[in-house]
Amino acid sequence: MRTRRTIIFALVMMISVAAMSQQANTLYYMNRVFQSQTVNVSAIPDNKIQIGGLIVPVFGQVPPPMYFNYGNNSFNYNHILHYGAGDMKDSLVIDLPLLMKKAKNTIAIRNELRWDYLNFSFRSKSNATFSVSIADRLMFGTTIPRDMLDFVINGNAPYMYEGKMHDFSKLSFSANGFHEVGLGFATTFASKFSVGARMKLLFGMFDVSSKVSRLSVTTDPETFFITADADFQLRKSMPFVEITDTGINKDFSSKSFLKMLSTFGNPGVAVDLGLTYNITDNMSVSVSATDIGFINWMQDSQVASANGETIIEGAEIGLSKDENGKLQYSLVNMPQKDSIGQYILDTVVELFDMGIKDKKYIGWLPSNLYVDFSYRLHEKLSLGLLYRGEFYRRTYIQAVTLSANSNINHWLSLHASWSFIDNTVANLGFGFSARLGFITWYMVTDNVLAFVFPQKAKTINLHMGCNLTFGHPKKKSRTAAKL
Amino acid sequence: MRKVIRLLVLAIIATTCILSACTKDNFDMDRLSGEVVYDGSYAIPLVYSDLSLLEVMGLLNDTVELRENDGGFLSLFYNAEVETKMVQDLLNLGDVSYSKTISIADFASRGTRDNSLSYNGEEKISFTLKNEGVTTDEAEIDSLVLNSGIFEYELSSTFGQNLSVSVEFPSITKNGQPLRDSFTLNAQNTTASRTVTIEGYNIDFTTTSKHFNEIPIKYNVSLSYGGAIPPASGALSVNVRIGNFRYKSIHGYFGKNSLLLQSDTIEVKLFREKQKYHIDDFYFNDPKIKVHYWNSYGVPSRFYFQQFDTYMKKLDVVYDVATQNPDFPMSALNPYDVAHSSTPGVYAEDSIFIDRNNSNLDDIVPNRPTWFHFCAVAETNPDNPSHERNFISEDSKLKARVSVEFPLWGRVGQFYYNDTVDVDVSSIVGNNYVERMAVLINTDNGLPVDSRIQFYVADENYNVMDSLVKDTDAGFLTAAPLDANGRVASRISTQTKIELTREQVDKMSDCKHILIRIFANTEGAYEAKTMKIYPEYGIKFNVGLEVDFDVEGNINSGVNKKVVATGK
């Protein structure tokens with residue numbers, strides 16, 4: 001009983017609590033914090049010099065300089081498990097119809113964890129800004145077509161009678177980790193423009209991902225035969241697992257772990273671009289694109305490819321002789337109980353005629369587009385309207401954020417936002433930066449409610465850290481990039 | 001103002017704490033009720049099979065064979081093979097002995113020379129051919145090629161002097177050299193014995209005046225005495241035993257011999273009492289018994305069945321097949337001359353058929369013969385006054401395969417198949433989660449056979465609770481259409497869908513057995529239409545399962561509120 005509950009909880013958490021790339025809409029306006037350059041590289045920081053990251057003793061670690069983001073565009077935890085009504089008001093009930101009701105055509109689940117080791121920026125008198133960043137990023141993302149959820153939960157019979165196929169072609173899965181070294185430059189020009197670019201060198205640690213071009217399942221109402229039409233790849237690059245003709249070799253030793261962390265065998269490159277136009281002293285627009293790039297997975301990389309159509313007719317039964325030479329009518333190639341897992345794997349490989357090759361492949365990063373309009377209402381208050389789009393593996397996810405941003409005084413800035421993210425408006429964001437001497441703390445989230453009601457959150461993110469700042473303008477706080 | 005701010009902060013902290021407690025409860029899996037609302041519907045292919053008669057033919061063993069006959073269609077064969085014993089155990093040369101005593105008088109009659117006496121001579125040793133130990137008097141053996149044989153010599157002398165003895169068999173040769181042996185006796189060694197195994201010798205029995213069955217033996221004895229006077233008395237006794245012959249081949253005229261073949265019983269499983277199937281009305285157009293023999297004896301032989309009985313189950317009688325019809329071709333009264341080998345190492349073969357024209361098989365088969373028992377005999381040289389010469393090799397054998405053949409040419413009117421499958425699906429269907437279930441059976445029939453099927457749901461005491469096929473007239477298989485040549489022209493598809501309502505599914509929770517009843521007949525059987533079954537005939541089918549779940553309740557308690565609410 002306990003085990004079953006644990007499994008249910010784990011499954012719910014896996015599919016409901018898991019946005020992959022930088023989704024930090026409120027951070028976009030925190031121009032006193034160098035990290036806002038991670039989402040808009042054309043932003044010119046207020047401070048002349050900023051140093052942050054784990055490499056900075058004491059202040060670099062309190063709080064830890066990290067970014068965490070989770071997003072699910074379809075459902076939250078309570079859309080699967082929630083308190084019931086009547087006799088069940090004190091009990092959690094599993095609500096599959098609600099889950100299906102909330103599921104979008106493509107269910108996008110994204111997750112990212114980022115650790116900053118070093119952030120450094122230097123702004124010259126001419127507002128030219130140079131920056132260096134070193135970070136580790138772990139990303140997990142999956143896109144589940146609604147048809148797949150429908151297939152599992154509602155079954156294949158409804159589509160069968162409607163003569164429709166279950167289309168899984170937008171199915172994708174990706175889990176990877178990589179080191180990132182970024183070199184950025186931003187500057188103003190023609191008095192009203194600022195432009196920035198960051199070149200990022202990437203060094204992949206591990207990757208497990210899919211590449212689906214075509215995947216569908218059709219059930220024949222006359223025979224119940226299931227026709228699977230597929231063109232997909234399963235790819236991996238990691239030292240822990242090697243797939244051979246005879247099986248799977250696993251090596252989860254510390255040596256493999258160290259090899260993964262220290263490898264430079266999976267090189268990649270990415271670029272962030274940004275442009276800001278100050279229309280008037282009070283109005284500005286900016287456009288930013290981040291994480292446009294890829295990693296060439298070369299080390300310990302294998303690709304399993306499947307292409308073709310197969311018809312599943314069920315298990316074959318046929319005549320054979322038993323151990324006494326007597327004719328028997330039984331399942332052909334009946335698996336032994338202890339090898340059913342291998343049997344299913346072999347069957348799938350056989351059905352799709354999957355070939356496994358040691359082969360390098362390219363994995364693209366989830367890329368973001370930000371478009372912002374800012375208006376300064378008052379010397380200490382500006383409003384922002386931000387559009388964000390994320391493109392990854394044939395899936396495009398959009399969000400809009402309204403924000404109010406105030407540099408209250410020369411040491412404190414406060415930021416509040418309301419966002420439409422992951423198909424919900426229940427996202428109230430909050431952020432602040434506080435400078436005490438040469439130390440600036442910051443913390444920001446797009447959905448503060450998620451920390452109170454995680455069971456109702458589709459988006460949970462938090463960006464925090466501490467920078468050593470030097471050369472701060474003593475009086476009026478102006479943002480060169482925005483105002 | 002500060003007071004307001006403090007109150008505000010306190011309110012936020014308090015609210016956060018309370019809400020956090022509520023939040024924590026959302027993740028407390030001890031509160032998981034198991035309450036589920038679910039109405040999925042699945043259709044899956046379960047099993048399929050593509051079975052051809054060719055495949056069945058490949059798997060059947062030697063005692064039951066389904067294979068293509070000379071007419072190109074299928075026959076069911078029940079076989080048994082019988083053969084003569086190893087030829088050397090049947091026909092062989094018996095052991096023979098030769099004895100000779102030579103006295104001093106015999107020596108003296110030949111004269112003396114230089115303190116020695118000598119005696120030599122030539123005699124004959126006769127052999128006879130034995131059939132399992134009994135002498136075949138008229139047999140005339142010409143020659144024999146030995147694999148092996150034993151010569152045992154025993155010599156005894158009472159002369160007390162030196163004796164030199166040599167023995168030679170001029171017609172037992174190897175590489176042109178005759179078989180010979182020699183012995184020496186003296187005052188100290190007055191006896192001698194020796195056993196010699198010989199291999200690869202040829203024995204020619206035609207060198208004596210009789211020209212068969214005899215071989216000559218030559219001997220030469222020399223007695224040397226030391227003094228001037230030969231011994232006054234004494235004798236030399238010589239005994240030779242020749243035997244244990246294992247031959248490669250033997251030529252001659254072997255006479256009349258009865259060679260008994262092993263008896264055997266052919267079980268006809270088709271008509272044995274079976275729990276699973278029963279045939280009420282059938283007709284085989286051309287049943288037959290085929291005796292196919294292989295004969296590597298170079299001996300004219302006559303073959304007949306000493307006994308050929310069958311048990312007819314329907315009449316409960318044992319019936320003598322061989323004597324009831326005077327035309328029966330291999331009875332004791334009407335034996336059959338089998339062909340024989342004309343060259344050593346090559347066998348002759350032929351077949352004899354027992355069918356409706358020379359036997360009562362047309363009367364026997366409808367009465368369900370469940371076995372045939374037979375015992376066969378072969379008689380050599382039954383009519384050979386000129387003593388035509390014969391030969392046999394070490395591996396000569398008369399072997400016969402007796403096949404009771406039921407050509408699949410005819411009709412089956414009422415074939416019933418019953419089977420019981422033990423099932424326990426209570427854990428699957430017992431919780432009322434299944435709203436509806438359907439089993440879909442598609443057949444692609446390439447047999448000229450119509451069939452209906454019924455499944456009965458039975459409890460642990462085999463009490464039938466329900467039947468699953470509601471349309472009992474619906475065909476499970478529809479006979480494939482035949483062309484002008486009586487051969488299946490195309491396969492025909494039939495679909496059977498067995499629908500189970502929730503009530504029926506509920507009954508399945510007490511189901512411990514599924515009784516399967518199949519009824520089949522060949523197409524047009526009731527109009528006495530006959531047909532042939534060809535090897536390419538076969539059947540393909542697939543079974544699919546459709547299940548509609550309708551759950552509103554607790555998966556732990558197993559109570560489906562939907563069922564309770566509707567009173568179903």
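Q: Which residue of β1(B) stands opposite A:D95?
A: That's B:V37. Keep in mind that this is a predicted model, where local features need pLDDT of at least 70, side-chain atom pairs count only at pLDDT 80 or more, and totals for chains, interfaces and linings use all residues. As for the labels, residues are numbered from 1 along each chain as its sequence is written, while chains are lettered from A and ligands numbered from 1 in the order in which they are written.

Q: How do you know that β4(A) and β1 of chain B pair?
A: Three bridges join β4(A) to β1 (residues 32–38) of chain B, and strands pair if DSSP finds at least two bridges between them, so these two qualify. They run parallel. A strand here is a DSSP run of E, at least two residues, and a helix a run of H or I, at least four, both numbered from the N terminus.

Q: What makes residues of chain A count as touching chain B?
A: Contact, meaning C-beta atoms, placed from the backbone, within 7 Å. By that rule 43 residues of chain A meet 33 residues of chain B. Elements giving two or more residues to chain A's side include α1 (2–16), β4 (92–95) and β16 (315–321), and β16(A) gives the most, with six.

Q: Why is 24 the nonpolar count on the side of chain A that touches chain B?
A: Ala, Val, Leu, Ile, Met, Phe, Trp, Tyr, Cys and Pro count as nonpolar, Asp, Glu, Lys and Arg as charged, and the others, Gly among them, as polar. Sorted that way, this side has 24 nonpolar, 13 polar and six charged residues.

Q: Why are β17 of chain A and β34 of chain B called edge strands?
A: β17 (327–331) of chain A and β34 (492–501) of chain B each pair on one side only. The open sheet has six strands, ordered β17(A)-β16(A)-β2(B)-β37(B)-β31(B)-β34(B), with mixed pairing. Inside it, β2 (residues 41–52) and β37 (residues 538–549) of chain B run antiparallel and share 11 bridges, with B:P45 partnered by B:G544.

Conventions:
Contact = placed C-beta atoms within 7 Å.
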